[in-house]
Structures are given as C-alpha cells and as structure tokens.
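Trainee: I've got a model open and I'd like to learn how to read it. Could you walk me through some features?

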Amino acid sequence: MKSIADIQAMKKAGEKIAILTAYDASMTCHLDAAGIDAILVGDSLGMVVQGHDSTLPVTMEDMIYHSRIVARAREEALLITDLPYHTYADPDVARENARRLIEEGQTDMVKLEGAGSILESIRTIIEDGIPVCGHLGLLPQSIEELGGYRVQGREQAAADKMVEDARALESIGVAILVVECIPAELGKRISESVTIPVIGIGAGVDCDGQVLVLYDMLGLTPGKRPRFSKDFLTELPAGKGVTEAVRAYVEAVKSGEFPAAEHSFS
Ligand code: KIV
C-alpha cells in the first residue's frame, strides 16, 4: 500500500502523482487496478453523489460512511478524506473529527480547506499524530464568501499570499497540498516554493501531481464539464471501460500530457 512518504518521494524523484476522487467500493477497485497513486474521498460527493448544489450540506456521518466503504475496497492507493464544512474551525473539535475519520472512516490522512484562521486546528491535528493534506486556491467550502466558482490568485497580492500560505502550511507539518483553480504560473510557483507535493486541479501542468473528480473525468457529471477536466472515457476505443479510462488519465498525468493548455488558466 502506498504511504505518504512514497508520495513525497515521487516529488523528489520528479515523478508526477495521479489522484482521483472515489466514493464507493466498485470505483475504488477500478482506480486501484489502473494504478492510481492516491484516492480522495472528497466532499464533492455532496454534489456528484447527493445532488446538492454545493459541498456545504455534507456531514461527518456522510464522510465517515463513504470513507469506510472506499477503505474496505482499496488495496494499493493512499487514502485521503475531506473534513466537511464547519467541522474544524475550533482546534479541539477539529482533532475529534479528524480522529473519527481515521478511526471510523479508516482513512490515512485528512484534508482541510484554507490556512490563516485554521492553522491552529491543523497544528492540533498534526500534533495528535494525524497526517494532514492542505487545500488552497478555490475553496468550495467558502463558496459563499468567494462569490462563486472562479479562478483565484490572479492578482499579484493574492498570488503572493497564496505562496505565503503554502509555506505556512508546510512549516507546521502539512504533508501534501491541493491547489484548485489558479493560474498555471501560480501553480508552478507554489510547487517550486515548497518541498511537499503540490497537487493541482485547474492549476496547470507544472504542479507535482493532478487530482480530478472521478465523475467529471468519466463524463458522468450532468451538465457542462469544468474547463479544467477532461472526459477520458469517451475518447477510448469501443469496448474499453472505466479501468482503461483511469489508466489513460494516470498515463497522461505521468507523461505531462494532462492538463494541456486548454484545461489551464492564465
Ligand atoms: O472534494 C473534492 O473532490 C476536492 C477536489 C476538488 C480536490 O476537494
């Protein structure tokens, strides 16, 4: 089974890291069979599984349920699970909820959105021995404050602040960092500014790895696909299925073919 140290070693070795979300056992088996490096049980499940229009209604019970069923099926990939909205502002509550994801959700590490006001919560979780994945850029749990799903860090001051936040997260022991919907140039700058792996989603090809929402990259999400995603299933020859689509994604990430300029922001 892949460890956090294995994922960190990939950055040092210059090997790109391929991550996808999963929320159930069957998809987890496809991801593992295709050689995915890590699986994120993302609170995006609130939208793609539960049919909400944001991640805000997702509860701890939802995350524990999906994390546990993914953990049961997973054989190889590292497992990361999101702490949902309003579950980690207070450090003691954050530690308790992170413990629940590890013990009841059987995950390897927890992911939290932001820096600044939640640094104390992150520090408390890490001091408790629980590994943390950070998340900067577009923060879906702060969508109301951000005023919609739009590219973050385009202004110089905001870009500089994001680099500062990435360094602050690394300095308190965050082990992996996700950056979402930022200019490709900023994705590169953040990846070069920290030694921990930086995983982009809509953050350009120069991040240390990529993550996508599984249903987007299989063309299952109803409506318009986000610009930063790509449908890897419909591009396959007839007769090929989910495992081959995920394998194509893994290969495209590793070779640097994905994301192309058309999936990136300036
Ligand atoms: O919840 C999720 O799927 C995520 C990804 C968009 C990174 O956080």
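Trainee: Let's start with Phe 258: is Phe 258 buried or exposed?

Mentor: Phe 258 is buried, because its relative accessible area is 3%. Buried means under 20% relative accessible area, exposed over 50%, and partly exposed in between, using a 1.4 Å probe and protein chains only. Before we go on, keep in mind that this is a predicted model: local features need pLDDT of at least 70, side-chain atom pairs count only at pLDDT 80 or more, and totals for chains, interfaces and linings use all residues. Residues are numbered from 1 along each chain as its sequence is written, and side-chain values use heavy atoms, with hydrogens and water left out.

Trainee: How do I read a pair of aromatic rings, and how many aromatic pairs are there in the whole structure?

Mentor: A pair of aromatic rings is described by the distance of the centres and the angle of the planes. Rings of Phe, Tyr and Trp (its six-membered ring) pair if their centres lie within 6.5 Å; planes under 30 degrees apart are stacked, over 60 edge-to-face, and the rest tilted. A search of the whole structure turns up four aromatic pairs. Take Phe 232 and Tyr 249: their ring centres are 5.5 Å apart and the planes sit at 80 degrees, so this pair is edge-to-face. Phe 232 is in the loop between α10 (214–217) and α11, while Tyr 249 is in helix α11, so the pair ties together parts 17 residues apart in sequence. Helices (H or I, at least four residues) and strands (E, at least two) are DSSP runs, numbered from the N terminus.

Trainee: And what about the rings of Phe 232 and Phe 258?

Mentor: Those ring centres are also 5.5 Å apart, with planes at 75 degrees, so that pair is edge-to-face. Phe 258 lies in the segment after α11, so here the parts tied together are 26 residues apart in sequence. Phe 232, Tyr 249 and Phe 258 form one aromatic cluster. Phe 232 counts as buried because its relative accessibility is 4%. Lys 230 lies over the face of Phe 232, 4.8 Å from the ring centre; for a charge to sit over a ring, NZ of Lys or CZ of Arg must be within 6 Å of the ring centre and within 35 degrees of the ring normal.

Trainee: Which residues touch the most other members of the largest nonpolar core?

Mentor: Ile 36, Ile 190 and Tyr 249 do, in a core of 89 residues. A nonpolar core is a set of buried Ala, Val, Leu, Ile, Met, Phe, Trp, Tyr and Cys residues joined through side-chain atoms within 4.5 Å. Helix α11 (residues 242–255) gives the most to this core, with seven residues. Leaving aside neighbours within four places in sequence, the contacts of Ile 36 (heavy atoms within 4.5 Å) include Leu 31, Val 246, Tyr 249 and Val 250.

Trainee: How should I read the sides of a helix?

Mentor: An α-helix has 3.6 residues a turn, so residues three or four places apart point the same way. In helix α2 (residues 25–33), Met 27, Thr 28, Leu 31 and Asp 32 are buried. They cover an arc of only 140 degrees around the axis, which puts them on the same side of α2; the arc is that of the directions from the helix axis to the C-beta atoms. On the other side of α2, Ser 26 and Ala 33 are exposed. The buried residues of α2 pack against β1 (17–21), β2 (38–41), α4 (60–73), α10 and α11.
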